[in-house]
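Hi,

Here is the structure I said I would pass on.

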Amino acid sequence: MAVTAAAPKGVVFENTRKPRSLWRDALRRLMRNKMAVASAIVIILIALMAAFASFLPLHPPVDYQSRATDPGGGGTRLPPSWQDGGNSKFLLGTDASGRDVLSRIIFGAQVSLMVGFIPVAIVVAIGLIVGMTAGFMGGRVDMLLMRLTDVVYAFPDLLFIIIMLSALRGTPMANILDGLLLIFVSLSVIGWVGMARLIRGQVLSLKEKEFIEAARSIGMSNRRIMVSHVLPNSLAPIIVAATFGVPGFIISEAILSYIGIGVRPPRPTWGGMVQDGYSNINAAPHLVWIPAACIAILTLAFTFLGDGLRDALDPRMND
Amino acid sequence: MTPYIIRRVLWLVPVLLVVSVVTFSLMHMAPGGPWDRDSDQKPLPAHIIARLNKQFNLDKPIHEQYLLYMWGAVRGDLGPSYTQPGKNVGELILDRIPYSGRLGLQALLLAVLIGIPLGVIAALRQNTWVDYIALFLSTIGSAVPSFVLGIYLIIVFAVALNLFPVAASDWGDWRAWVLPTIALSVGPAAYMARLTRSSILEILRQDYVRTARAKGLRENVVVVRHVLKNAMIPVWTVLGPITAGLVTGSFVIEQVFSVPGVGRFFVSAISQRDYSMIMGTTLFYALVIALGNLIIDVTYGLFDPRIKVSK
C-alpha cells in the first residue's frame, strides 16, 4: 500500500498510449524499412499485372504476330520499338517465332508467381502438420522426420526435382496446367522437410515455456495448446521462412523451364524465354536479358521483403 | 573422435542407398523407355527392342535389375551407357570430372577470397557506409540466381565488350573459365560474407575479447588472434552446404556456358532417358555432397575443442 500512498492525490494513472500488439509493432517496423516497402509495392504491381493480364490490351502471347503486321516481311523477329525497324505496336518487339515479347513477359509473370506461392502454401501446410506432431509428440514421428531431413539435406533438391519431373513427364498429371501441377508437386515434395524441421524446433523450444505449462495445468488439451498457444507463437519464423521460400521456388522453376523440362511450351515462362532467346544472343540480346531481368527483380523483391519481415518480427535484431 | 568418424562414414551407406532406390524407382516409374523414338521417327523393331532389353537386363524384374545395378556400382562398374554404345558410364563421368571439378574448386576459392574479407571489413566497420554497401551487395549476390548472373556476364563481357568467348570451344584457354567461375562463385561468396560478418559481430561481444583488450593488446592482435580465429568456426561449417550449392549451381552454369562437365552430361542424360547415365551421375553427386559434409563435420570437431566435450 506504500505505493498508493506515495502517489500524489488526484493523479490518475492512465495508459498514455494504446496497448500495441506484436503484429502491429512488427508492421510499424516493416513500414520503416524502405527496401521492404518498395519490394512489397513491386510484388503487388507484378501480381496485379499478372492477375489482369487477360484484360490488358495485349497481343496474344502464343500467336505469331509479325506476319499480320508485316505481310511478306522477311524475318519473323521484330526488334523492340526503340530500335530501327521497330513497330510501336510491339513495344519490346517479337521473338524469333514472331510472338509479342511484352505480352509473353506479362503472362510469364503468372507462372512465376504461381510457382512462388502455391508450393509455399503446400509446404507450410504439410510442415505445420508434421512439424507440430513431431515436436509435440516426439517418438517415432520425430525420429522419422529427423532421419528424413538428414537424407534430404544430403541430396541436392534441384537434382531430385529434375529426376522426378523427367520421370513423370509422360503421365496424365504432367498435362494438367501445362505441367504446372507436376512442378508444384515436385517442388513441395522436397520443400516441406525443411519447413517441418523448423516448426519442430519452434515447438520443442516453446513446449518448455512456463505459459504452456500453465495452460496444461488448467487442463487444456494438447490440441488446444497447439492451436491457441504454440501456433501463434511460432508464426513469426514460419512467415519469414515462407517468404524466403518463394524466391527459391521461382528460381527453381526458371531453371527447370530454362533446361527445357519445366512448364510446357507454348505457355510463356521467363526461364523458357531465356532459353528461346539464347541461341540468338549475339543478334538479339534483349530477348535474353529482359526475361532474365524479370526473374532477378522478382526474386530480389521477395528477398528484400523477407529481410524486412525478419527484422520486423524479431525485435532483438533491431535494438 | 574415431568412433564419431566411423559412425559418420557408415551413415553414408543408408544415404546413398535411399538416393539410389528413389532414383531407380522414379526412373522406372516413368512411362516409356530408352528405346522409344520420337513420333516422327521410325520405331525400333520389336526383336531389336527385345535384344536390347536383354542386353541391358531390362527384361528382368525391377528389384533384380536394381540389385544387379548396385552389385556393379559397389565394384565401381556403373554399367554401359544406353545412348552411347560401347561407353561405360563410369568412364564417361570420369572424363568430365576435371571440368566440373576445376569449375567448382575455382568458384569455391574465389568465394572464400571475396566473401570472407568482405564480411570481416563489414563487421569491423559495423553501421558505416562500408558495412551497408557490403550488406547490400551480399543480399543482391545471394538473391540473384547464378544463371541470371551468368547470362548478364555473357551479355556484357562476351557479347557487348567481346572480352571473353560467348560459347567457349577451347577449354585449355584460361579466358573460357573466367565468366563461369565468377557466375558460380557470387552466391556462395555473398553467403559467406553475411555469415562472416554476423559471426565476427557475435565474437566481438564475447568476454574474452574484452579481456584481451583490457590487458592492453593492440587492436590488430585482438582481431586476428582472438576474433578471426574463433569467427571462422561457423564459416567452416557452412562449407558443407556451400559444396552442395556449388554442385547444384554447376549444372545450370555448365549449361549456360556449355562447359563439358558432369552437369551438362546429367541434363542431356535426362532428356535422352539414359537410365544408367542418370543413375550414375545422381549417385556421383550424392557421394560428392555426402563426402563434403563428412569432411567438414569431422574437421569441425578438430577445430573446435568444445565439440568433443559435448559429445
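**What I found**

In chain A, 41% of the 319 residues are buried (20 or more other C-beta atoms within 10 Å of a residue's own; exposed is 12 or fewer, partly exposed is in between, and C-beta atoms are placed from the backbone). Bear in mind that this is a predicted model: local features need pLDDT of at least 70 and side-chain atom pairs count only at pLDDT 80 or more, while totals for chains, interfaces and linings use all residues. Residues are numbered from 1 along each chain as its sequence is written, and chains are lettered from A and ligands numbered from 1 in the order in which they are written.

Chain A has 13 helices and zero strands (DSSP runs numbered from the N terminus: H or I of at least four residues for helices, E of at least two for strands). Of the chain A contacts between residues at least 6 apart in sequence, 69% link residues at least 24 apart (a contact means C-beta atoms, placed from the backbone, within 7 Å).

Helix α12 of chain A, residues 286-313, is worth a look. Its 28 residues reach 40 Å from first C-alpha to last, close to the 40 Å expected at 1.5 Å a residue (1.5 Å times one less than the number of residues). Since 22 of those 28 residues are buried, α12(A) is largely enclosed by the rest of the structure.

Beyond its neighbours within four places in sequence, A:Ile255 is in contact with A:Leu158, A:Gly271, B:Phe147 and B:Val252.

On to the interface: chain B puts in 37 residues and chain A 35. On the chain B side, the elements giving two or more residues include α1 (2-29), α5 (129-143) and α6 (146-160). By class, that side has 30 nonpolar, seven polar and no charged residues (nonpolar: Ala, Val, Leu, Ile, Met, Phe, Trp, Tyr, Cys and Pro; charged: Asp, Glu, Lys and Arg; polar: the others, Gly among them).

A:Phe155 sits in the loop between α6 (139-153) and α7 (157-167) of chain A. It is buried, with 23 other C-beta atoms within 10 Å. Not counting residues up to four places away in sequence, A:Phe155 touches A:Phe160, B:Val19, B:Ala286 and B:Ile289.

Within chain B, the axes of α11 (residues 262-272) and α12 (residues 275-303) come within 9 Å and cross at roughly 145° (axes are lines fitted to C-alpha atoms, for helices over the stretch in contact, with angles from 0 to 180 degrees between N-to-C directions). The residues of this contact are eight nonpolar, one polar and no charged.

B:Asn127, in the loop between α4 (89-124) and α5, has a positive phi near 60° without being a glycine, and it counts as exposed with 8 C-beta neighbours inside 10 Å. B:Ser258, in the loop between α10 and α11, is not a glycine either but has a positive phi of about 50°; with 16 C-beta neighbours inside 10 Å, B:Ser258 is partly exposed.

Cheers

Conventions:
Two residues are in contact if their C-beta atoms, placed from the backbone, lie within 7 Å.
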